[in-house]
Amino acid sequence: MCSKNRELLNDRPPIILFSGFLGSGKTTMLLKTIEMLSAADKKCAIIINEIGEVGIDNRQMRMMGYDVLDLFGGCVCCTMKVTLEATVNHLLEDYVDLDYILFEPSGMANPSSLYPAIINCGYHEKEIQNVFIFDPTRIALYEKRMKQLFNDSINLARCVVINKLDQVRESEIEAAVKMVEATKPGLKTFKMDLNDELVQEFHQYF
Ligand SMILES: Nc1nc2c(ncn2[C@@H]2O[C@H](COP(=O)(O)OP(=O)(O)O)[C@@H](O)[C@H]2O)c(=O)[nH]1
Ligand SMILES: [Mg+2]
């Protein structure tokens, strides 16, 4: 089935986009989510591009038996859009029974720069399940040096996962929740320790 037919049938697999800064926990969250979806017999494809970390992430996932399509082409912000579009289209055309596409962009990418490529593949913005991973050990960094990127990311996110609960005090978790609420009131927020199971509520989210 080609992507045109998919468009007619409106059966595109949702794209789950894991956004967040480098080291925040995107890969960890992505792997946990695949585990969760696979256990529910869902078929997933993964697109990742981690500048400087591609080898490590890809090997990890291949060892776990997952199909990983590499996206090369340098900096995701400037050169990847075409490649991302081609990759998503390739998935839509060649893997007709996909239930989900999971995408981990580089931690350096502003997620807004990725949307046009995905939308060019026929997706509506609301079909992009953007999960922002909020590392509460780095609140100061978000607040000071990366405020604009943080704001842009939160504004595009469909939900936020505040992770590393095991590494921070309750007051830091509350500060993280407040930051999200101040930026986008009402945004769905999960709190998780990703060394542990995904919270049950997240299982029902997709
Ligand atoms: N203690 C703890 N470590 C975490 C959690 N989530 C992620 N990590 C660790 O944080 C580091 C960066 O995670 P990774 O998924 O590679 O981040 P990415 O760069 O955003 O893909 C890894 O060492 C993870 O094991 C968490 O909830 N608790
Ligand atoms: Mg990663």
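Q: Are Phe190 and Phe202 buried or exposed?
A: This is a predicted model, in which local features need pLDDT of at least 70 and side-chain atom pairs count only at pLDDT 80 or more, while totals for chains, interfaces and linings use all residues, and side-chain values use heavy atoms, with hydrogens and water left out. Residues are numbered from 1 along each chain as its sequence is written, and chains are lettered from A and ligands numbered from 1 in the order in which they are written. With buried meaning under 20% relative accessible area, exposed over 50% and partly exposed in between (1.4 Å probe, protein chains only), Phe190 and Phe202 are both buried.

Q: How many aromatic pairs are there?
A: A pair of aromatic rings is described by the distance of the centres and the angle of the planes. Rings of Phe, Tyr and Trp (its six-membered ring) pair if their centres lie within 6.5 Å, and planes under 30 degrees apart count as stacked, over 60 as edge-to-face and the rest as tilted. By this rule, the number of aromatic pairs is 14.

Q: What kind of pair do the rings of Phe21 and Tyr142 form, and are these two residues buried or exposed?
A: The ring centres of Phe21 and Tyr142 are 4.8 Å apart and the planes stand at 40°, so the pair is tilted. Helices (H or I, at least four residues) and strands (E, at least two) are DSSP runs numbered from the N terminus. Phe21 lies in the loop between strand E1 (15–19) and helix H2 (26–39) and Tyr142 in helix H6 (residues 139–143), so the pair ties together parts that are 121 residues apart in sequence. The pair is thus tilted, and Phe21 and Tyr142 are each buried.

Q: How many residues apart are Phe190 and Phe202, which form an aromatic pair?
A: Phe190 and Phe202 form an edge-to-face pair, at 5.1 Å centre to centre and with 85° between the planes. Phe190 belongs to strand E7 (residues 188–191) and Phe202 to helix H9 (residues 200–203), and the pair links these distant parts of the chain across a separation of twelve residues.

Q: Which residue lies over the face of Phe190?
A: A charge sits over a ring if NZ of Lys or CZ of Arg is within 6 Å of the ring centre and within 35 degrees of the ring normal. Arg12 has its charged end over the ring of Tyr123, 5.4 Å from the centre. For Phe190, the residue over the face, at 5.1 Å from the ring centre, is Lys188.

Q: How much of ligand 1 does the protein bury?
A: Counting a residue as near if one of its heavy atoms lies within 4 Å, there are 16 residues around ligand 1, and Gly23, Lys26, Thr28, Asp166 and Leu194 come nearest. Taken alone, ligand 1 exposes 580 Å² (Shrake-Rupley method, 1.4 Å probe), of which the protein buries 75%.

Q: Which side chain makes a polar contact with that of Asn130?
A: Asn130 is found in strand E5 (residues 128–134), where Asn130 is buried at a relative accessible area of 0%. A polar contact is a pair of N or O atoms within 3.5 Å; within protein, one must be able to donate a hydrogen and the other to accept it, and residues adjacent in sequence count only if both atoms are side-chain atoms. At 3.1 Å, the side chain in contact with that of Asn130 belongs to Tyr115.
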